Number of protein chains: 2
Amino acid sequence: KTEFQEISPSEFFYRNRDLAGFSNPSRALYSTIRELVENSLDACDLFSIYPKVYVRLTGLENQSKEDVKEYTLVISDNGSGIPNEKIPLALGKVFFGSKFKLKQSRGMFGMGGTMSMLYAQITTNKPITITSSVDGKTYHRYRMIIDIEKNQPTVLDYSSGDSKGWRGTRIELNLMGDYLRSASRIVEYFNKIALVTPYAEIAFLDPMDRLFVYAKGTDQMPTPPTEVLPHPLGVDVEGLRRAIRSWKGGGIRSFLIKNFHRVGPGIADKFLEYVMIDPTRDPRTLSSEEMASLTNSLQTFGKFLPPDGRCLSPLGREILLTGINKELNPEFADVAIRAPAAYGGFPFVVEVGLAYGGQIKSDKLLLFRFANRIPLLYDEGSDIAWKVLMEDIDWNHYKVPMESPLVIITHICSTKIPYKTVGKEYISDRPEIERELKNAIKEVLRGLSLYLGKKSSMENIQRK
Amino acid sequence: KTEFQEISPSEFFYRNRDLAGFSNPSRALYSTIRELVENSLDACDLFSIYPKVYVRLTGLENQSKEDVKEYTLVISDNGSGIPNEKIPLALGKVFFGSKFKLKQSRGMFGMGGTMSMLYAQITTNKPITITSSVDGKTYHRYRMIIDIEKNQPTVLDYSSGDSKGWRGTRIELNLMGDYLRSASRIVEYFNKIALVTPYAEIAFLDPMDRLFVYAKGTDQMPTPPTEVLPHPLGVDVEGLRRAIRSWKGGGIRSFLIKNFHRVGPGIADKFLEYVMIDPTRDPRTLSSEEMASLTNSLQTFGKFLPPDGRCLSPLGREILLTGINKELNPEFADVAIRAPAAYGGFPFVVEVGLAYGGQIKSDKLLLFRFANRIPLLYDEGSDIAWKVLMEDIDWNHYKVPMESPLVIITHICSTKIPYKTVGKEYISDRPEIERELKNAIKEVLRGLSLYLGKKSSMENIQRK
Ligand SMILES: Nc1ncnc2c1ncn2[C@@H]1O[C@H](COP(=O)(O)OP(=O)(O)OP(=O)(O)O)[C@@H](O)[C@H]1O
Ligand SMILES: Nc1ncnc2c1ncn2[C@@H]1O[C@H](COP(=O)(O)OP(=O)(O)OP(=O)(O)O)[C@@H](O)[C@H]1O
Ligand SMILES: [Mg+2]
Ligand SMILES: [Mg+2]
């Protein structure tokens, strides 16, 4: 007899934690740190707070000399904090969070922090402790575990106290890790976070007592992103159906204007002519077939304004150059910021930096990838940025050998980054994103080409 | 004020359907077909039924000449059928299914069929119809949609009738697709399914009225796989805790024997000596720290027998050669079946086939990848098999040029395939799997090398 079963989201990712980047003790250590650091940074710069993020990873005393051993991880930030009643759910439930909107942020899946907690628990059987204060007056502290089968937190104890002015979040957990194998990746992650977040102060104390400090390098912080309505090109029948369901009354003309991004009266009228629907008709009277056909027409109409990139928060020339110079100390650096573009109704901005020579000691091209200010360190070969570098760029044309001390930095920001995996390892191919990356990379290569040209003629002059 | 939200599993994959392989109308057409065909094949050969799977894809009449248009897909099989009360849940709920056990099967996530239904509905607003019979006497038919926000089915109507001897499942749905773009991939998928399932009869009628028939090529069907207990090397604290929770009483010695794969009295005694625990102690008295330390010791003990590969169902030499000869018609074919191995406590078997010349007209090496009898057609460059071919094989050594009319077929079967993505596109690196693939590929290359050697000396003799 066939046995059927339903499993909870946390049970699913417990069994398939490879999908989320928690495949083994060295990779899990990396993923835990990156998920929690990204949560802390979101809690700061989405609210225009200069981030201060401190991370301490310590091997427990008196352990056998194995590579895989128990670590304590403590991370604290000065961010927005988590409201008291939401603290257990924030990290104690998969698919729970505050970043499910159409707004640029590092987080988007509602599960990264929860996976860190889950992995810690299944490897050490120890609860995690979360302390948070939203107002600097009172802190709330929870010691808890996650009920994996039910996808909900179990609070073991709770305490609160005087926060004495501290606002933010502090997380302490124990997990089995393999620091020897992941140390270089973890340090690389912090170096890259510092490059793209030069307005943050970050410190990492590692198990070998090495202290990595990234001082604040600029007072310039990007303007926080804003939330937008869905764009007509990003709407399917389900999206239309839900918008109609919450429509309180009024003609389809005002329905379109109020529910979709950048649809004004003029465009709404043109579209309604195109689909031959009376502008005063209540959308709640649309039949099932009419809804499907209307959704299709949104795609074929062709005259909607493209998504507005002003809801996004790119790094900008200043911040990117500061980060590049601070972390890489090159002889030459250049940046290309593309105008906003869109894929499938989602606005995005591509920013590319180039750093050459100076303290860059590599003998071949290095690619640093970023998306929504997150460094992507794995699966380079599968990423759209690598594909552009290898397939769409004619290196001979720029007289730049690929074996140069050259770093290309790509950053894509969007209301929705098309990651291929839940572990946010790399970005899927989208022709619109590919085109923007290609043009931005060509721009900075032209800049380098000019510089190298001038430099070699200067050297020729000096030789004479 | 920060707004928090919980979203259901279907809502999560509705918003992030790229993760599941439903990124655009051409890819979604492919994914819908592959998910439903794999469900039908599982429903047959897991129960020793010779599969008969018929698929018909038809473009709807009277549509504009766009590339993206509405299709009707009908798929029917002669498999086990779905029990009446489970039919709506089977495809109407994400994370619901019968394949969550530790047993080899194509499906494993409880969501592929549901994603097909979801995508169909959000692109056409039309319900799907599922008809199934488990006994050949009565069929049950449901017309339903999925409530995406609640992750549950909504049944629109139900009917039943005399099945007149037919047992199996039939699914009909409507979806927006782009067949022009995905036709070659879809046909390639059917060709490869036929290669690895030569005991099945499969027919595909496509929108251009081309009928692809894959007749049954052999009466040999692999023995169905069996379910196994978790292996000690695959157990974490959560797994131990759950096993203890359902333990009704008795010493830890019998607990180990009854709960873990291939742990007999001898090994149990040795292990309990190693961790210095009395064999008669009730595991329910273990403290939290003892559970964590016991789990760690399962990893470090080092004397457990490796997982038993007999629970697996490899294709075998006969079936693989039949499929290769039937679909590729090569001049030379060879197969290497490796002994069972294991990664992280999960048993697996690697089988590699090689086909050379004859009707193979390619001017370079082709790699056909399979996992648990599923063809993997995307992201070849990220897959472990490709990595082995490109990095671990010394092609000069075998005197086989890479520009030969050569096809390498890799098949991995396991109780758990370590896919990197929910869309089952490619397999993550595991050193144990890499090693088995390398050795199997070397074996078939040696075979080809010998054949080419003999062939060229025969030709030299004939020339004289
Ligand atoms: N350090 C923090 N400060 C403030 N809020 C936090 C912090 N960490 C987590 N949160 C809250 O908890 C929620 C859940 O975090 P989690 O990492 O599980 O998901 P996410 O960040 O929303 O998405 P993703 O899975 O992509 O990381 C967040 O949306 C945020 O509201
Ligand atoms: N054609 C079919 N015949 C019999 N049972 C089926 C059929 N299709 C689906 N089912 C049942 O419905 C369940 C859910 O199918 P679904 O494709 O959503 O998930 P799955 O096959 O278990 O896993 P995966 O997501 O990896 O495909 C299956 O586990 C199976 O029990
Ligand atoms: Mg997060
Ligand atoms: Mg399935």
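**Two ligand sites in a predicted two-chain model**

Around ligand 2 there are 24 residues, and Ser98(B), Met108(B), Met111(B), Gly112(B) and Lys424(B) are the closest of them; a residue is taken as near a molecule if one of its heavy atoms lies within 4 Å of it. This is a predicted model, in which local features need pLDDT of at least 70 and side-chain atom pairs count only at pLDDT 80 or more, while totals for chains, interfaces and linings use all residues. Residues are numbered from 1 along each chain as its sequence is written, chains are lettered from A and ligands numbered from 1 in the order in which they are written, and side-chain values use heavy atoms, with hydrogens and water left out.

The ligand 2 site is shared between chains, because residues from both A and B surround the ligand. Polar contacts here are pairs of N or O atoms within 3.5 Å (within protein, one atom must be able to donate a hydrogen and the other to accept it, and residues adjacent in sequence count only if both atoms are side-chain atoms). In one of them, a side-chain N or O atom of Ser98(B) sits 2.5 Å from an oxygen atom of ligand 2. Gly113(B) brings a polar backbone atom to 2.8 Å from an oxygen atom of the ligand, and Thr169(B) places a polar side-chain atom 3.3 Å from a nitrogen atom of ligand 2. On its own, ligand 2 has 590 Å² of accessible area, and the protein covers 97% of that; such areas come from the Shrake-Rupley method with a 1.4 Å probe, and for residues only the protein chains shown count as cover.

As for which elements build the shell, helix H2 (25-45), helix H3 (87-92), strand E4 (96-97) and helix H4 (112-124) of chain B each put in at least two residues. Helices (H or I, at least four residues) and strands (E, at least two) are DSSP runs, numbered from the N terminus. H2(B) gives the largest share, four residues. By type, the shell around ligand 2 splits into nine nonpolar, 11 polar and four charged residues, where Ala, Val, Leu, Ile, Met, Phe, Trp, Tyr, Cys and Pro count as nonpolar, Asp, Glu, Lys and Arg as charged, and the others, Gly among them, as polar.

Turning to the other site, ligand 1 lies between chains A and B. Of the 24 residues around ligand 1, the nearest are Ser98(A), Met108(A), Gly112(A), Gly113(A) and Lys424(A). A polar side-chain atom of Lys99(A) is 2.9 Å from an oxygen atom of ligand 1, and a polar backbone atom of Phe109(A) is 2.9 Å from a ligand oxygen atom. Met111(A) uses a backbone N or O atom, 2.8 Å from an oxygen atom of ligand 1. Ligand 1 taken alone exposes 590 Å², of which the protein buries 97%. H2(A) supplies the largest share of the shell around ligand 1, with four residues.

Then there is the relation between the chains.
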